[in-house]
Amino acid sequence: MSTQPGRSWWRRRPPRWAGVILGALALVLACVGGGVAATTLFPSTVETINYRAQLRLSVNPEDVSSLHAPTIFGDINLDFNGPVMAPGVLAGVQVKPSITELLAQPKVSIKALQPGPLELSNAARDAVVSMGGRFAVGSLFVAALVVGGYAVWRRRRPSVRVLGVAGTCWVVACGLTGISIWQTYQPDRLDAFRTTGILGAVQRNADLLNGVETRAQQTTPYLKNLLALSAALQDKYTPQSLNEPVAARILLVSDIHGGQQYPLMKTIVKEENIDAVVDLGDLLNFGTVSEGDTVGLFKGIASLGVPYVFVRGNHDAQSAGDTTLLERLAKVPNVVLLQPDENTYTELTVGGVRIAGFNDPRWFGDDNRNNAAKQVPARDAFEAAFADRPQPDLVVSHEPGAVKDIERADLLAHGHMHTDSLDGNVIGVGTFTGGGPFSHFLEGTGGEELTGQPSAFDIAVFGQDCQLTSLTRYQFRNVIEGRPAYDDVTLVNGSRIERPAKPDSAGATPTPTASGSTAAPQSAPRACSSLSGTSREQVPAVPSDAAQGTG
């Protein structure tokens with residue numbers, strides 16, 4: 001083959017067919033990218049008995065021939081051993097609420113959570129058909145876009161040959177991807193089923209989900225000893241003012257999260273002569289009544305024998321308008337709903353101590369953004385309804401942002417944070433069950449032990465002047481594990497808890513306490529007494545236009 005004098009061989013123009021092949025390969029890759037992008041923009045939805053997932057494809061090398069599904073309880077990873085490499089599948093998994101019934105059954109294991117062969121087969125078929133259609137449309141759109149761009153560049157209509165090459169590339173992209181997926185994601189090619197987090201811990205600690213209620217009963221003697229120790233310490237070291245007659249003893253609990261530890265609570269109620277229990281929300285995990293019925297929460301509440309005062313938390317509903325839990329609780333004889341519906345509040349008086357509050361407007365599964373701002377309308381509506389009423393002694397809601405800046409209340413209380421706190425007159429109540437059974441299914445540093453948050457509760461004692469006399473705070477651990485451990489008992493003198501230093505509507509001035517702080521002003525002297533018993537009063541909500549007018 002001859003060459004021109006002085007022209008190097010590496011500077012020669014490559015053959016025309018080489019350019020065509022390179023262009024075709026680039027178009028095939030572009031079509032694959034377009035198909036994957038289409039599955040990302042428009043994910044496919046498939047379901048099994050316990051899971052619902054939105055699927056999309058991934059070209060990340062780490063995801064090849066595997067299905068990766070992160071969930072709020074841990075990650076599910078399915079590795080497939082196919083004859084060829086296939087794009088990875090990323091699944092946005094939602095755990096169906098019905099899984100709580102499964103987890104509550106005796107001797108639950110990872111096999112019970114694992115989708116069966118028929119489930120996987122049906123889900124895989126649905127996924128292939130759905131994602132295949134989206135992939136084909138996306139890759140065809142890219143092929144058409146490339147051909148259109150080529151025509152604009154050449155300023156002429158694409159030839160039949162160009163259309164044929166583009167069509168062939170599209171078919172090759174769809175065919176190779178489809179064949180690789182179909183041959184790989186088959187139930188009989190499942191190589192490994194791995195889980196992490198809660199789902200993985202269930203396999204290693206399945207027996208600990210058995211008999212949570214029984215473990216709570218077994219812990220009762222320990223808790224009695226702890227309460228007796230606390231009482232002895234209070235008798236010896238508390239100021240004389242704390243020994244004055246008591247009008248009401250209120251047990252503050254929060255964030256039960258599906259933990260059936262009401263035998264423990266019943267022990268506290270009996271040993272501490274509790275007049276009422278105030279639950280600050282998150283009774284459930286997923287906002288479904290079936291979850292509470294399965295583990296016996298409502299029977300446990302009914303067994304306490306004292307008023308059970310409740311405000312809804314962000315885990316106690318499945319949508320903004322979901323009132324299913326409130327309706328179920330309304331059927332329990334001793335339950336008092338502080339906001340039974342959007343149009344009504346309830347003020348409970350216990351021994352003369354006024355208790356009011358309102359529900360969390362959030363729900364399980366909301367976007368979890370700007371949470372404090374979401375509380376403002378609920379707080380404003382509550383304040384408008386109680387604007388012309390006597391000031392409550394205790395106002396409660398679930399989240400810290402809900403009770404923030406409420407002025408017309410002696411004390412404020414919230415939960416949600418799973419830890420106790422005290423900021424001025426705002427009491428943050430810890431989680432009574434350590435966050436519920438699920439919080440304990442977290443892998444420890446060694447991968448062997450379970451870790452849980454401290455179980456916590458507060459006892460607020462009100463004197464005959466309707467003021468808080470003392471706040472006793474308890475913490476202990478490992479009830480579910482069957483090895484309770486003492487953490488802390490703290491006694492707070494009620495007179496040292498700061499009150500809002502603001503005059504009331506009648507112009508009364510705040511009253512200094514012995515500690516130098518100021519007590520909430522009252523328009524007239526009040527007297528509280530345990531002999532007053534309990535009573536409740538319905539308070540209608542103020543229409544939104546009227547509330548805006550008063551603001």
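Which backbone oxygen does the side chain of H398 reach? The side chain of H398 reaches the backbone oxygen of L280, at 2.8 Å. The model is predicted: local features need pLDDT of at least 70, side-chain atom pairs count only at pLDDT 80 or more, and totals for chains, interfaces and linings use all residues. Residues are numbered from 1 along each chain as its sequence is written, and side-chain values use heavy atoms, with hydrogens and water left out.

H398 sits in the loop between β13 (394-396) and α14 (400-403). Helices (H or I, at least four residues) and strands (E, at least two) are DSSP runs, numbered from the N terminus. H398 is buried, at a relative accessible area of 0%. Here, buried means under 20% relative accessible area, exposed over 50%, and partly exposed in between (1.4 Å probe, protein chains only). The side chain of H398 also makes a polar contact of 3.2 Å with the side chain of D282. A polar contact is a pair of N or O atoms within 3.5 Å; within protein, one must be able to donate a hydrogen and the other to accept it, and residues adjacent in sequence count only if both atoms are side-chain atoms.

Strand β8 spans residues 276-279. A276 and V278 point one way from β8, V277 and D279 the other way, and all are buried. Strand β7 (residues 246-253) pairs with β8 in the parallel sense, over four bridges. Two strands pair if DSSP finds at least two bridges between them. I250 has A276 of β8 as its bridge partner.

An antiparallel pair is formed by β1 (residues 44-47) and β2 (residues 51-58), joined by four bridges. S44 stands opposite L55 in β2.

The cysteines were examined next. A disulfide is a pair of cysteine sulfur atoms within 2.5 Å. By this rule there is one disulfide. The bond joins C466 to C528, with an S to S distance of 1.9 Å. The torsion about the S-S bond is about 100°, so the disulfide is right-handed. C466 lies in the loop between β17 (455-463) and β18 (468-477), and C528 in the loop between β21 (518-519) and β22 (534-540), so the pair ties together parts that are 62 residues apart in sequence. C466 is buried, with a relative accessible area of 1%. C528 is also buried, at 3%.

C31 is in no disulfide; the nearest cysteine sulfur, that of C169, is 6.5 Å away. C31 is buried, at 0% relative accessible area. C169 is likewise in no disulfide, and the nearest cysteine sulfur to it is that of C31. C169 is buried too, at 4%.

L22 belongs to helix α1 (residues 16-41). L22 is exposed, at 59% relative accessibility.
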